[in-house]
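Dear colleague,

Please find the structure below, followed by a summary of the findings.

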Amino acid sequence: MMNNSTPARVFEPKPSQPAPVSTTGPLAWLRNNLFDGPVNSAITVIILAFLLWVIPPLLDWLLWSADFSGTTQSDCTSAGACWVFIQAWSQQLFYGSFPDAELWRINLSLILLAVVLSSPYWLPHTLRNRLDLAMLVVYPFVAIAILDGRLLGLEYVSTDFWGGFSLNLLLASASIILGMPLGFLWALGRRSNMPMARSISVILIEFFRGVPVLALFFMGSVMLPLFFPEGTNVDKLLRVWIVLTLFMAGYMAEVYRGGFQAIPAGQYEASAALGLSYWQTTLLVILPQVIKVSMPNILATSIMLFKNTTFLLIIGIFEVLSTAQTALTNSNWLGGYATEAYLFVGVVYWICCFGMSRVAANIEKKLDTSHKS
Amino acid sequence: MSGAKRPQPQSSSAPAFYNNPHVRAVFYQILLVCTLGYLFFVIIANTLANMEARGIKTGFDFLTTTAGFDILMSLIPYDATGTYLDTFFVGLLNTILVSIIGIILATLLGFVMGVAHFSRNWLVSRLAVAYVETFRNIPLLLQIFFWYFAVLAALPSARNSLNLADAFFLNVRGLYLPAPVEEAGATLFYIAIAVAIAAIIWFRRYAKKRQDDEGVQLPVWRISLAILVALPLLASLFGGAPFSFEYPELRGFNFRGGITVIPELMALALALTVYTGAFIAEAVRAGIQAVPHGQTEAARSIGLKESKIMKLIVVPQAMRVIVPLLNSEYQSLVKNSTLATAIGYPDLFTVFVGTSLNQTGQAIEIVFMTLAVYFAVNMTISLLMNIFNRKVSLVERK
């Protein structure tokens, strides 16, 4: 007989594991992103405390106890920001001292600018390639004609009255538009096999990139008049425009150079095999690819130029920052509204530049035909 | 074999000489040079005629004449009896000072913010993004004005200055710091520092050799730090205190003694730091993102600690992308320091191109000298950064 006394093994279920701590939902998000270990928790708490300390008084100053309505300094009675100041100066800040009755001309040129810039989005394919470039290059001159008025038989407005943020916008776009093709020429010159063309391009590019912008503006206002024949009086804004365009061209040339370096040699060889001439190769095969590759940098350079238009204050051009400074020293508004003024101009600029960088990201995505993962 | 005769190429008409690329190249270049030469000729002729008509003197004689104006701040002894050459050097040193301060602080801020972008803490990474997007998109001049006219101008008067330990004072007239004054033990102290640095260099070499030969990792950082602290400390124990401090004191309406940092310098340095820092943060972010993720994963799989992964794997590879970008950021910082002229910080541009040019009217010489300086400074930065770049760049198979 066998001793069968071994007790039968009884099935005993192990205790079920606790449910996993939630991995979705707001609590899990907080745990993963803010309270992930003691160090992170401490940092989070410190930052939150800081934000709590800063934001409520800031909002209070900006909005809750700020003055919004009124026309003079005496309407700013509360402890908050005095937005009345901005309101009172808003026309100056945007249009400069352009005569009231002629403001539609500035608006018209800004609308035209928007039309020209957005045309690639709505023009049909067939027209796009022919019209876009022509529209762009003609635009600055049309805008000048509209603003100046003499050519079109309108009332003449001297450039002394142009100013404000619209001037920043128009000057920046006019010099970007002309600087881009000029920069492309310089970049081509830099890559050329012709030694003279190459060295001249290199000198031009390095000069305009290596010198502080301010020095360029200064040369534009002090030295450029010496270069013209005696007695010619070249308009101050025109000189600034020349300087800005050359400056833009120098930076753009380097941007294009980066683009050129990204084009494989096979592209040149293929177009040579097709029997395309130099200009056909450059304009039909290389340029589109260069623009695609360097789009982010083109827009970054444009944003830089747009921001740099504020430097014109130093040579006495009434762009927006200069207008703000004038407003701050106005005898009717001596309440010390510097913070309000700078905040306002800063926000306006921020919106424009941030918007442009979003557009850049958008275009980059649109143009992206590569297979990078 | 087909019996058909192949048509022979008609070689009788050689391409016309004007279709020869070499001939064309020469022609275009001659055209270009002639046009530019003519342009230059006209410009120079016009300039000379204009200068004569306006009675502008030429030549560098003005450099030795007395300038006769005071400068707000100078690192070398200067008063109104100095020459224009002196004003040039005062301005140059002030430019270099603000550039160095700006470059160091902007690099620190930029690196912190660039790395913070990758923080696992959501708040930290959002704050880094907010910082970059805010300050990158606002004109620098506006930021300078903001710090100068809105923030620093709102500081209390000298009597009510912000006071830290009775040694540091901050008020509307500037920042006042205690100034070190050399005492008897200073020489020994300097020698100790030099010895410490030499010892550290030797120790690092030794540690590297040990690691290459035996695979032993010595705690290089801790020992270096210990040497750097201990030797000067010993020196001051034996040789007596190397420095005494001269503290700023309120006398009448203003502080006397100590080091004064004028508000113009503070505003300019702050604005340059914050503005350039945002761009450097972007460069650092781009550099870190350029390191393939597989590198981090591979490092984790061989069991490296997170801190070592950053230090040994990610940062060295990211530096290859970051350094060229840093180079151009530093150069634009130096160029942007000319905006000092807007708030009256006496940098080269303010002093020399501003005041001196106004007084002498010698635009060509002064602008030429200034441009040469900025070129030279930027070339120096470029040279240093390229040397550094060669150190961090990838060594490929030969």
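A salt bridge is counted here when a side-chain nitrogen of Lys or Arg lies within 4 Å of a carboxyl oxygen of Asp or Glu. By that rule, a search of the whole structure returns 11 salt bridges over all chains.

This is a predicted model, in which local features need pLDDT of at least 70, side-chain atom pairs count only at pLDDT 80 or more, and totals for chains, interfaces and linings use all residues. Residues are numbered from 1 along each chain as its sequence is written, chains are lettered from A and ligands numbered from 1 in the order in which they are written, and side-chain values use heavy atoms, with hydrogens and water left out.

One of the salt bridges joins the side chains of Glu133(B) and Arg136(B), at 3.4 Å from N to O. Both residues belong to helix H3 (residues 122-136) of chain B, 3 residues apart, or about one turn of the helix. Helices are DSSP runs (H or I, at least four residues), numbered from the N terminus.

Across the interface of chain A and chain B, by contrast, the rule finds 0 salt bridges, while 13 residue pairs are in polar contact, both residues at pLDDT 80 or more. A polar contact is a pair of N or O atoms within 3.5 Å; within protein, one must be able to donate a hydrogen and the other to accept it, and residues adjacent in sequence count only if both atoms are side-chain atoms. H13(A) gives the most to the side of chain A that touches chain B, with 10 residues.

In all, 52 residues of chain A are in contact (heavy atoms within 4.5 Å) with 50 residues of chain B. The two chains bury about 4500 Å² between them, 74% of it on carbon and sulfur atoms; this is the accessible area (1.4 Å probe) lost on being put together, summed over both. In chain A, Leu226(A), Lys307(A) and Tyr342(A) lose the most area to chain B, together 15% of what that side buries.

The structure also holds 33 aromatic pairs over all chains, meaning rings of Phe, Tyr and Trp (its six-membered ring) with centres within 6.5 Å; planes under 30 degrees apart count as stacked, over 60 as edge-to-face and the rest as tilted. Among them, Phe207(A) and Phe375(B) form a tilted pair, 6.5 Å centre to centre with 40° between the planes. Phe207(A) lies in helix H7 of chain A and Phe375(B) in helix H12 (residues 363-392) of chain B, so this pair joins two chains.

With kind regards
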